[in-house]
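Visitor: I would like a close look at one part of this structure, followed by a careful account of what surrounds it in the description. Please state each cut-off where the term is first used.

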Amino acid sequence: MTDDFSRLTIGVLALQGAFIEHVQALERLGAQARQVRLPGELQSLDGLIIPGGESTTIGQLLEEFQLLEPLRRLIGSGLPIYGTCAGTILLARDIGGLSQPLLATMDLQVERNAFGRQLQSFETDLRIDSLGKAPFRAIFIRAPAIRSVGPGVEPLAWLEDGTIVAARQARLLVSCFHPELSGDDRFHRLFLAAVLEAQQEASAQVDRAS
Amino acid sequence: MQEATYTVKKGLAQMLKGGVIMDVVTPEQARIAEDAGACAVMALERVPSEIRAQGGVARMSPPELIEQIMDAVTIPVMAKARIGHFGEAQVLEALGVDYIDESEVLTPADEVNHIDKHAYKVPFVCGATDLGEALRRIGEGAAMIRSKGEAGTGNIVEAVRHLRAITSTIKRLGILGPEEWMSEAKRLGAPYELVREVAGEGKLPVVLFCAGGVATPADAALVMQLGAEGVFVGSGIFKSEDPSRTAAAIVKATTHFREPKIIAEVSKHLGKAMPGIELGAIPERELMAARGW
C-alpha cells in the first residue's frame with residue numbers, strides 16, 4: 001500500500017461522461033491525470049482510463065476525432081487501460097450485434113443495459129479478492145454485464161447470481177460498475193499498481209536487451 | 001442490493017455530463033439524435049417553440065409516444081411532467097422512463113408546490129433560475145438541475161443569466177463565514193443544510209446542465225465555459241434547417257468547448273439555425289422561466 005504513483009501520468013478519456021470523478025480519484029492516489037479529447041493528448045501516457053458515459057456518444061466522438069486507431073495501436077503496444085461501464089462496452093469485442101463504433105480489443109461478450117433501465121440501476125457490496133477482505137460498494141448505472149469471456153480473460157468480480165462484473169486481460173482492466181462514484185479508491189489503486197508493474201516489466205526487457 | 005438510492009439517482013446524471021440531451025417528438029427523431037451522439041433524449045409531443053406558438057395547455061406526452069421512443073434508442077429517455085403534477089409523474093414512473101423533468105415548459109398544475117421527488121424511484125431533473133430555486137428543488141429530491149433559460153426562443157440570453165446567477169452565488173457562498181450561512185439561507189429561500197454543503201464544496205451537490213435557448217455550437221461552448229456540465233437542446237435541433245448536422249455539431253462543440261478552431265469547423269455549412277425570438281417580444285405572462293416557486 002506504499003506504492004508511489006506520483007511519476008505516473010494517466011490519461012482520462014474526456015469526450016463525454018463521468019471523467020472528472022476519475023481525475024479526482026487518480027489525484028487522490030498521487031498520480032498525474034490528463035484529460036484526453038484529441039489524438040495529440042495520447043502522447044507519452046503511462047495508462048488510460050475510459051470512463052462511464054454513453055458508449056454510443058463516446059464511440060462516435062472517438063471516430064470523429066480520429067482516436068480509434070491510435071488507441072488500438074496503444075492497446076496493441078501494451079498500454080494499460082481501465083474501462084468502467086461504457087469503457088467496458090467500448091473495449092469488448094462482442095456487444096451482441098449492436099452497431100456502434102468500438103475499440104473491440106478485449107475478449108469479452110458484453111450485454112448493454114443488461115439489468116434494464118434506470119429504475120433497475122442499483123448499488124451493492126461485492127467481495128473482490130484482488131481488493132482485500134472489506135466489501136467493495138459497487139454502483140451500477142444502466143450497467144452492462146459480461147456474459148462470457150475468452151480464455152485469456154480473468155474474471156475479478158461477480159454478482160450473487162454469478163454474473164461477471166469485472167475482469168482483466170493482460171493490461172486491460174474493466175468493471176461494469178463505477179468505483180469513481182463510491183469514494184473507495186481500491187480499484188483505481190489496483191489499476192495504478194498494474195501500470196507500475198507494466199513499467200517495471202518494460203524496463204526489465206530493456207535491461208535484458210542491452 | 002439497493003435500487004433507487006440517491007447515489008444511483010444522481011449517478012445517471014453524472015454519466016450524462018459533457019453530453020447533449022435532445023428534445024424529440026418521434027422515434028425517427030430519437031434515432032437521428034442518437035446517431036448524432038446525443039447522450040439522452042427528451043420524449044415530447046411538441047417542442048417548446050411549438051408550445052409557445054400554439055398556446056393552450058401543455059401536458060405530459062402520450063404514453064404510447066414515450067414508449068415508442070424508449071423502444072427506438074439504447075440511450076436514456078427522459079420525459080416531462082407538469083410542475084406539481086404528481087399524477088403525471090406517477091404515470092411516467094410506471095412507463096419506466098429514465099428521468100422525469102418537472103418542467104416549466106409544460107403548463108403548471110400547482111402554483112404553490114412542486115412534486116415531492118423523494119417519493120419516487122425514478123430520478124428527477126428540475127429547472128432553476130438562481131441558486132435558491134436550485135436548492136429548493138434539490139431539497140425536494142431533484143437529482144439533477146438545469147438552468148432554465150427561456151425555452152423555445154433560440155435566444156441564449158436567459159440561459160446565460162440563470163447560469164451566471166447560480167454560479168456567482170455559489171462563488172459568493174464560498175467566501176462567507178459559517179455565521180453568515182443561516183441568513184444567506186433565509187435570503188435565498190434555501191434549506192440551511194444545502195447552503196452549508198454548497199459553501200463547503202464550492203459546487204452544487206448534483207449535476208448542473210444548461211437549458212433553454214441553445215441553438216448553435218457556439219451557444220453550447222459558451223454555456224459550458226460558464227460552468228454548465230452539459231446541455232439540453234430543445235427546439236434548436238429539429239427546428240433547424242439540417243437537424244442531423246446541427247445535432248452532431250452541438251455534440252462536438254460540447255465536448256471541445258475550449259477549442260474555438262474545432263467549434264469554427266463544426267459550425268460550417270449547418271444551414272439556418274432555428275428562428276429566434278427577442279425576449280422583449282414575449283409578454284411577461286408568457287415567460288416560461290417565471291414558472292416555479
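Visitor: At what relative accessibility does Glu67(B) stand, and does this residue count as buried, partly exposed or exposed?

Guide: Glu67(B) has a relative accessibility of 39% and therefore counts as partly exposed, where buried means under 20% relative accessible area, exposed means over 50%, and partly exposed lies in between, with a 1.4 Å probe and protein chains only. This is a predicted model, in which local features need pLDDT of at least 70 and side-chain atom pairs count only at pLDDT 80 or more, while totals for chains, interfaces and linings use all residues. Residues are numbered from 1 along each chain as its sequence is written, chains are lettered from A and ligands numbered from 1 in the order in which they are written, and side-chain values use heavy atoms, with hydrogens and water left out.

Glu67(B) belongs to helix α4 of chain B, residues 63-72; helices (H or I, at least four residues) and strands (E, at least two) are DSSP runs numbered from the N terminus. Together with Glu45(B), Glu64(B) and Asp71(B), Glu67(B) forms a patch of negative charge on the surface. A patch is made of residues with over 30% relative accessible area and no salt bridge, like charges being joined within 9 Å and nonpolar side chains (Val, Leu, Ile, Met, Phe, Trp, Tyr) within 5 Å. The areas come from the Shrake-Rupley method with a 1.4 Å probe, only the protein chains shown counting as cover for residues. Lys and Arg count as positive and Asp and Glu as negative, with His and the chain ends not counted, and a charge is placed at NZ of Lys, CZ of Arg, CG of Asp or CD of Glu.

In one of them, Arg28(A) pairs with Asp185(A), with the closest N and O atoms 2.8 Å apart. Since Arg28(A) lies in helix α1 (residues 19-28) of chain A and Asp185(A) in the loop between α5 (179-182) and α6 (186-209) of chain A, the pair ties together parts that are 157 residues apart in sequence. Arg28(A) is partly exposed at 48% relative accessible area, whereas Asp185(A) is buried at 14%.

Another salt bridge joins Arg147(A) to Glu111(A), with the closest N and O atoms 2.7 Å apart.

In chain B, Glu286(B) and Arg285(B) form a salt bridge whose closest N and O atoms are 3.8 Å apart; Glu286(B) is partly exposed at 34% relative accessible area, and Arg285(B) is exposed at 71%. Lys80(B), Asp101(B), Glu104(B) and Arg146(B) are joined into one network by salt bridges that share partners.

Turning to the cysteines, a disulfide is a pair of cysteine sulfur atoms within 2.5 Å, and by this rule there are zero disulfides over all chains. The sulfur of Cys85(A) has its closest cysteine sulfur in Cys176(A), at 7.4 Å, which is too far for a bond, and Cys85(A) counts as buried at 5% relative accessibility. Cys39(B) is likewise in no disulfide, the nearest cysteine sulfur, that of Cys85(A), being 13 Å away, and Cys39(B) counts as buried at 0% relative accessibility.

Two backbone positions also deserve mention. Most residues other than glycine have a negative phi. Ala104(A), not a glycine, has a positive phi of about 50°; this alanine sits in the loop between β5 (92-94) and β6 of chain A and is partly exposed at 26% relative accessibility. Ala4(B), also not a glycine, has a positive phi of about 60° and sits in the loop between β1 (2-3) and α1 (6-16) of chain B.

Ile139(A), in strand β8 (residues 136-140) and buried at 2% relative accessible area, is separated by 27 Å from Pro151(A), twelve residues apart along the chain. Val23(A), in helix α1 of chain A and buried at 10% relative accessibility, is separated by 9.2 Å from Ile49(A), 26 residues apart along the chain.

Terms used:
A salt bridge is a side-chain nitrogen of Lys or Arg within 4 Å of a carboxyl oxygen of Asp or Glu.
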